[in-house]
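Have a look at the model first, then read on.

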Amino acid sequence: MTGLDWFVVLLYFAGLGGITWWVVSRSRDTADDYFLAGRSLGWFVVGASIFASNIGSEHVVGLAGSGATSGVALAHYELHAWCLLVLGWVLVPFYMRSQVYTMPEFLERRFSPSARWLLSLISLVAYVLTKVAVGIFAGGVVFGTLLPGLQVELAGVVFNSFWIGSLAVVLLTGLYTVVGGMRAVAYTEAVQTVILVIGSLLLTIFGLRQLGGWGELRAVLGPEMFNLWKPLVPAGLEGTWAPVREAGRVAWYFNGDYPWLGMLFCAPIIGLWYWCTDQYIVQRTLGAPSEREARRGTIFAAFLKLMPVFIFIVPGMIALALARSGRAPGLEMIVGADGRAIPAEAQAAFPLMVQHVLPSGVRGIVVAGLLAALMSSLAGAFNACSTLFTMDFYKQFRPDAAQAQLVWVGRVATVVMVLVALLWIPVIQGARGLYEYLQGVQGYLAPPIAAVFFFGVFNKRINARGCLSALTVGFALGMFRLAVDTPVSLGMEGYAGGYDAGSFLWIVNNIYFQYYSLLIFLVSSAVLVGVSYATEAPDPAQLRDLTFGTMTEELRRESRASWSQIDVINSGLVVALILAAYIYFNG
């Protein structure tokens, strides 16, 4: 980092400070303003905020790392932009009419208070284990790569650049999130989106230029790295139904190289949960003034969501190609003697590219974009956590609490969540890869939530008992898998080599997470439908305007009036671009 680079980064922070000051000067000390920006966000801010919240640390650091190790395999998750269209066209009308603050609150209106409480608990656990903790960890990875010699000693304990970076990201992000609330988060994320996209595009352009172009990238890496559809069993191995992992033979459900079966059937479940029912994302649409603005925000976000393949995954692939060809000294550390990427080292592919490929000045822009991604994802998680805790827990116990008190409780909740997440970082450090860790945990927690939301909206016969049973069973199955995996990830005493081969826990630990996630979804759906139809039907009065089968004609007309032909054309264009990507990336 040169003086010019640091000047650019300082300009970025000055801009954030100016936006935060402007937001605070306009804000009112009310729950509606603090948690939903007074429901005044336009479609551009909604869409940019959704994108910036999603494209955070786990994408910038994790997707580039996965690009170096597995090529475009994880592009499946990024091509789930169609899930945003499902949010805008299918679920936004129900969310906007209900005027809720949180997704668990919507579930209470559709089912019961118990369902709201359980989903809030699951969501808070998920945010601590994934969004907050992963964001902090990725901040440490970035600082550890860009400033490797930085260290501070306090009370005899030496903190290296990883921990200094983690804490710095938390403090800076927490500052404007706690002070400005949702309005500060949304408007800073809109600006951060622009910086992030420009910076990442510059990295891709300079990387391809140094390598020799797109054709050279394909020539160095080979067709396999450009194939979205990985086989059920890696080439050269015999697949079997028997639970074995041995030389030349492996159970097909143990293969973790992103097989097509898991990507085709499991990945969409996680995508629909994340984009359509997760507080972290949906809260931005709740901040829109109308159904029209919310829907157009999701369509805009869907266009933006198509970009990560080229601005995060491809830079990781470029890093691998540069390392193999020796055209960028400093990148060779990510490649082993066999020419393959070393997973642990590949996590730093993006910051290493910033460090060794970009010229002065441009490097500062990309670092600012990198920091924007780290901070925007954390800010969104902080705000979502505080909203869930305050509105779904505290307000239930203190229904007469003043507006200012609700805001104060939300700020305290944010601080507590950060402290808990810091304690979870060692678990992530032991995981195989940052993005894989994230997808694994989400895969264990998402299926029952996706089931109850979509079955609940499309089937008016689904009742509260079925919902609660499905959430309980699905959450128990997910936490069981997480409890089995964690000792191995941590390398705890007695678990460094995993469980005894052939044992039940060894089989559970080795089943590819996508297959286990699909199992959770099927079991949860069966429990949801079975219990609902075995018990009494819900009260029709409670279902009014909360399912497709109970919408009034008046609301149907209002919803139809909220979209025009241009919205349909733009949505069709998103789908066409997704299909084009699937056709191109076939090896």
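1. A quick term before anything else: buried means under 20% relative accessible area, exposed over 50%, and partly exposed in between, with a 1.4 Å probe and protein chains only. Of the chain's 587 residues, 59% count as buried.

2. Some ground rules. This is a predicted model, where local features need pLDDT of at least 70, side-chain atom pairs count only at pLDDT 80 or more, and totals for chains, interfaces and linings use all residues. Residues are numbered from 1 along each chain as its sequence is written, and side-chain values use heavy atoms, with hydrogens and water left out.

3. The C-alpha atoms fill a box of roughly 70 × 60 × 55 Å along the principal axes.

4. Now the contacts, meaning heavy atoms within 4.5 Å. Among those with a separation of 6 or more, 82% join residues 24 or more positions apart.

5. What about disulfides, that is, pairs of cysteine sulfur atoms within 2.5 Å? The count is zero. Cys83 is in no disulfide, and the nearest cysteine sulfur, that of Cys276, is 5.7 Å away. Cys83 counts as buried because its relative accessibility is 0%. Cys276 also counts as buried, because its relative accessibility is 0%.

Methods: A disulfide is a pair of cysteine sulfur atoms within 2.5 Å.
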